[in-house]
Amino acid sequence: MGQPILEVEHLKKSYVNNVPILDDVSFSLQKGEVVVIVGPSGCGKSTTLFMLAGLSDPTSGSIYFGDKNVTKVAPEDREIGLVFQNYALYPHMTVEENIMFPLINRKVKKAEARERANEMAKLVQLDGLLKRKPKALSGGQQQRVSIARALALQPKILYFDEPTSALDPELTAEVLKVIRQLASEHMTMIIVTHEMQFAREVSDRIIFMEQGVIVEEGSPEALFTTENARVREFIGKLQ
Ligand code: ADP
């Protein structure tokens, strides 16, 4: 294995009274790897992703992107994309404008941004819907727009924070299909999800967190057959 694309070292976070929300979280990610983070609600999954994305500052610890310490680098300079649970689309913009937005922000020429947006829309199978506003789309379609938007700047890593938890099973399947396709194209991804069958099928590694600590990390098969009763019970409940 070469140098990891991402290295997280001793990440700690506390908000009030030094109560640790994350307590010494370390892991690394190889290029092309898909890592799924699972764990009970409130264990620190979103906090971890937000710090990796630069939306929240760690109390201590470091984040390296290749050789570069990015711990204090602004989100837009991290070459990452982030997809949230709640889509976070701009309601007054069309699908095309939403996908173009990060490109226009980066001063990409309009014609080129439009062309790139159209390519991304094709990738997530939304090419017929470019002129619609988000409210005229299903939740699954909206989430696919936010994936296309996250891909527009060709990020080196894509983070997903429970991308299907607001969707019914049919729309969940639509979105998982897109993520599966990205995995088959060797996109480097960290995915927070409760979709355990999907995690088993798509991930190279699963990280299990509890109360701000990584309690187990390994291949999907290792996690699904773990001796750790709490991990087994948690995974079992989600299947
Ligand atoms: P998860 O994504 O695993 O459900 P989170 O990372 O969202 O967990 O939250 C971890 C813990 O941090 C929770 O106990 C949550 O209440 C707490 N927390 C998150 N954001 C803040 C904040 N801004 N101020 C104080 N506590 C927070």
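Before anything else, I note the burial cut-offs: a residue is buried under 20% relative accessible area, exposed over 50% and partly exposed in between, with a 1.4 Å probe and protein chains only.

**Ground rules.** This is a predicted model, where local features need pLDDT of at least 70 and side-chain atom pairs count only at pLDDT 80 or more, while totals for chains, interfaces and linings use all residues. Residues are numbered from 1 along each chain as its sequence is written, and side-chain values use heavy atoms, with hydrogens and water left out.

**Entry 1: the whole chain.** I started with the overall build and found eight helices and ten strands (DSSP runs numbered from the N terminus; helices are H or I with at least four residues, strands E with at least two). I then looked up the radius of gyration: it is 18 Å, which agrees with the value near 18 Å for a compact globule of 239 residues (taken over C-alpha atoms; the rule is 2.2 Å times the number of residues to the power 0.38). Along the principal axes, the C-alpha atoms fill a box of roughly 50 × 40 × 40 Å. Buried residues come to 52% of the 239.

**Entry 2: Arg 144.** I picked out this residue in helix 4 (residues 139-151). Is Arg 144 buried or exposed? It counts as buried, because its relative accessibility is 7%. Its side chain reaches the backbone oxygen of Gln 125 at 3.2 Å. Leaving aside residues up to four places away in sequence, I listed what Arg 144 touches: Val 124, Gln 125, Leu 126, Glu 174, Val 175 and Val 178 (contact means heavy atoms within 4.5 Å).

**Entry 3: the ligand.** Next I checked what surrounds the ligand, and the list includes Tyr 15, Ile 21, Pro 40 and the run from Ser 41 through Thr 47 (near means that a heavy atom of the residue lies within 4 Å). Which helix gives the most to this shell? Helix 1 (residues 45-53) does, with three residues.

I also noted distances to oxygen atoms of the ligand. A polar side-chain atom of Lys 45 lies 2.9 Å from one. For Cys 43, a backbone N or O atom lies 3.1 Å from an oxygen of the ligand. A polar backbone atom of Ser 46 is 2.8 Å from a ligand oxygen. How much of the ligand does the protein cover? I have it down as 57% of the 570 Å² of accessible area that the ligand has on its own (Shrake-Rupley method, 1.4 Å probe; for residues, only the protein chains shown count as cover).

Conventions:
Polar contact = N/O pair within 3.5 Å; in protein donor to acceptor, adjacent residues only side chain to side chain.
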